[in-house]
Amino acid sequence: MIKKVFCPLDCFDSCAILAEVQDGRALKLSGSKDHPITQGFLCKKGYRLLDKVYSEERIKKPLLRVKNDFHEVDWNTALDLIAERIEEILKRYNSSAILYYSGDGYEGYLRNIERLFFDYLGGATYSEGSLCWGAGLLAQKADFGNSLCHSPFDLFNSNWIVLWGRNALWTNLHLYYLVLKAKKQGKKVMVIDIYKSPTFKIADIGIVIKPSSDSYLAYGAIKCIIENGKEDRNFIDNHSIGFEEVKKIAESLSYKEVEEKCGISKAVIEQVAQVFLQKPVSTFIGYGPQRYTNGVNTVRTIDYLVAISGNVGIKGGGANFAHRFTENLEPVFKDDKRAVKKRFYNRAKLGEYLKSLSDPPIEFVYISAGNPVSQCPDSDLVFRELQKRFVVNVDMFLTATSYASTLVLPAASFLEKEDIFIPNMWHDYIGISEKAIEKIGEAKSEVEIINELAKRLNLDFPIKSEKEWVDVVKQHLEKNLNIKLEGHFTRGCAIDVPWEDRVFLTKSKKFEFKNDILGVAVPCTDDSQKLLKNQLRLVTIHSDKTLHSQEFFERKKLAYINPLDAKRLNISDRDRILIYNGCGGFILNVCLSEKVGRGFIIVEEGFQNEKIETINSCLFGFTAEKDSQAAFNSNFVFVKKVAT
Ligand code: SF4
């Protein structure tokens with residue numbers, strides 16, 4: 001029997017999967033051939049999903065932690081304990097003494113039932129700000145009014161495809177294959193990044209710039225376009241506001257400054273300008289360039305370059321960052337009347353918020369599909385602060401966060417429940433995922449756990465089963481998106497070329513070079529702080545072997561450093577080093593690599609060791625503008641060789 005499901009991972013591609021099931025056991029997963037994006041294949045993580053489902057390490061029963069030991073308890077004991085604690089909190093404080101953390105370990109819509117539950121309690125302390133893409137979203141909201149992508153197939157209308165900070169081979173595999181196909185049709189590819197990522201192998205032009213200098217490169221190219229009188233006057237005059245200020249800034253900028261800041265020559269700046277003028281050009285902006293304290297500014301300047309070169313609202317053009325086609329939909333359940341006590345914390349500063357929130361203080365934390373100890377900045381602080389509280393952690397496996405939790409509840413995997421998947425990073429194929437197998441061990445879905453708690457708390461909760469929730473969400477989407485959700489997947493909107501009518505969702509209805517809230521983006525970097533001798537910037541990147549903290553393949557714990565930096569620091573290949581700063585430290589082995597530029601060190605995200613220390617121990621909770629995003633890559637560390 002074939003069951004139609006969806007990949008639950010936090011990924012651009014949102015793949016449609018066929019699960020072959022026999023006698024109640026899933027035997028094989030394959031990519032749906034019918035799904036226009038998945039096209040019959042998954043990435044290597046996708047094929048490994050089945051190993052996760054049937055892993056011996058899965059939690060089969062609720063666990064109660066006593067120091068570092070976990071003791072199995074039955075569901076009634078666990079749920080009674082949680083309900084009692086919630087009741088106590090409601091009596092003593094109010095519902096905002098509960099902090100709800102929903103991570104990106106599972107992308108199904110079912111998890112939103114948890115938010116509804118906390119709304120029904122009166123509103124908890126919810127997250128705002130992002131660990132992932134918040135700066136880019138804010139940037140595009142300012143410029144366009146929303147973040148929307150062209151149809152993935154529109155790149156076949158482009159002359160050039162620009163992958164700016166997007167390592168598609170590792171993080172957006174099906175885009176990578178579309179680009180390869182486009183190349184076979186004669187399209188050209190330019191890749192811009194801070195190191196020679198694996199995606200450089202498809203580049204006709206590959207440009208390496210210094211971290212956080214992207215806005216200089218964008219402005220350098222803008223300067224070049226304006227100097228040559230090649231700016232798109234029709235777009236600028238009729239469909240934008242604020243261009244004159246951008247022009248002034250570009251004119252006063254010297255190429256020398258751009259060369260120095262980016263570490264490239266004037267010829268390269270001119271080359272970038274030339275590429276953008278060979279319209280149409282589709283640009284794919286990755287999430288790395290916005291993980292700095294100037295991340296919003298950076299994405300805005302790339303948007304400017306796309307706009308000034310005439311690549312907005314045309315076939316084969318676009319500044320593709322995310323696809324928020326559901327952004328302005330009404331929520332399924334409005335919370336305004338119920339969640340009167342709700343308040344917010346910033347994920348990038350979770351530890352600080354746990355420590356300092358008062359009136360009421362946070363007494364109870366509910367963590368689902370997330371591993372904040374490994375993913376939030378300053379993981380040591382997050383760990384310590386969680387340990388002081390009653391923490392419920394819903395997960396399939398024990399994670400770093402479990403070791404700071406009171407109770408760990410076994411979560412059902414994506415094959416064990418019905419769900420809806422609404423992509424919002426690249427394409428718009430909404431998926432209905434069937435239940436393929438029975439739950440393993442005593443795992444429960446979000447709906448089951450929440451309903452058990454609601455019963456114990458005498459809440460008149462409106463959703464009783466997964467099916468009911470899927471039906472409610474389905475009807476809501478159908479009504480509001482004016483679509484019919486049938487079969488495995490359905491397009492969620494019919495936009496192939498966003499902004500084709502040149503009517504933007506900004507206040508002025510035009511593209512806003514100048515925005516009321518953010519003003520005009522400028523050429524800048526984030527390193528206003530002067531680097532101390534022997535300090536290096538720490539850049540954490542996504543791996544092809546993991547998704548955030550979910551490991552699918554064994555990884556060598558390596559830090560990549562330029563050989564010249566290593567020599568200066570008296571470090572040799574494979575040495576064991578301590579990376580440290582005022583926030584914390586982490587030990588890894590060194591790999592010398594010419595692919596990494598001078599002055600920074602690259603480490604894959606999500607590393608943790610047997611002592612539950614994580615690479616995020618070295619990351620302060622810095623944020624991009626307006627606290628929109630954790631500025632992971634604006635951290636600096638010292639590096640010291642240690643004994644093996
Ligand atoms: S991780 Fe991404 S590319 Fe891989 S199977 Fe899942 S959705 Fe597809």
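Reply: One definition to begin with: helices (H or I, at least four residues) and strands (E, at least two) are DSSP runs, numbered from the N terminus. This is a predicted model, where local features need pLDDT of at least 70, side-chain atom pairs count only at pLDDT 80 or more, and totals for chains, interfaces and linings use all residues. Residues are numbered from 1 along each chain as its sequence is written, and side-chain values use heavy atoms, with hydrogens and water left out.

Me: ok, what does UniProt list for residues 1-57?

Reply: An unreviewed UniProt entry gives that span as "domain: 4Fe-4S Mo/W bis-MGD-type". UniProt positions are in the numbering used here, feature names are shortened, and annotations may be inferred rather than shown by experiment. In the model, residues 1-57 are 16% helix and 33% strand, and the end C-alpha atoms lie 27 Å apart.

Me: New topic. Where is Ser147?

Reply: Ser147 sits in the loop between helix H5 (134-143) and strand E8 (160-164).

Me: buried or exposed?

Reply: Ser147 is buried, because its relative accessibility is 1%. Buried means under 20% relative accessible area, exposed over 50%, and partly exposed in between (1.4 Å probe, protein chains only).

Me: And what is Ser147 in contact with?

Reply: Contact means heavy atoms within 4.5 Å. Leaving aside neighbours within four places in sequence, Ser147 touches Leu137, Gln140, Phe321, Ala322, His323 and Arg324. The side chains of Ser147 and Gln140 also make a polar contact of 2.6 Å. A polar contact is a pair of N or O atoms within 3.5 Å; within protein, one must be able to donate a hydrogen and the other to accept it, and residues adjacent in sequence count only if both atoms are side-chain atoms.

Me: how many salt bridges are there?

Reply: The count is 41, taking a salt bridge as a side-chain nitrogen of Lys or Arg within 4 Å of a carboxyl oxygen of Asp or Glu.

Me: What joins Glu245 and Lys514?

Reply: A salt bridge between their side chains, 2.8 Å from N to O. This pair links distant parts of the chain, 269 residues apart: Glu245 is in helix H10 (residues 243-252) and Lys514 in strand E22 (residues 514-515). Glu245 is partly exposed, at 33% relative accessible area, and Lys514 is partly exposed at 38%.

Me: Which residues are linked in a network of salt bridges?

Reply: Asp80, Glu452, Lys455 and Arg456.
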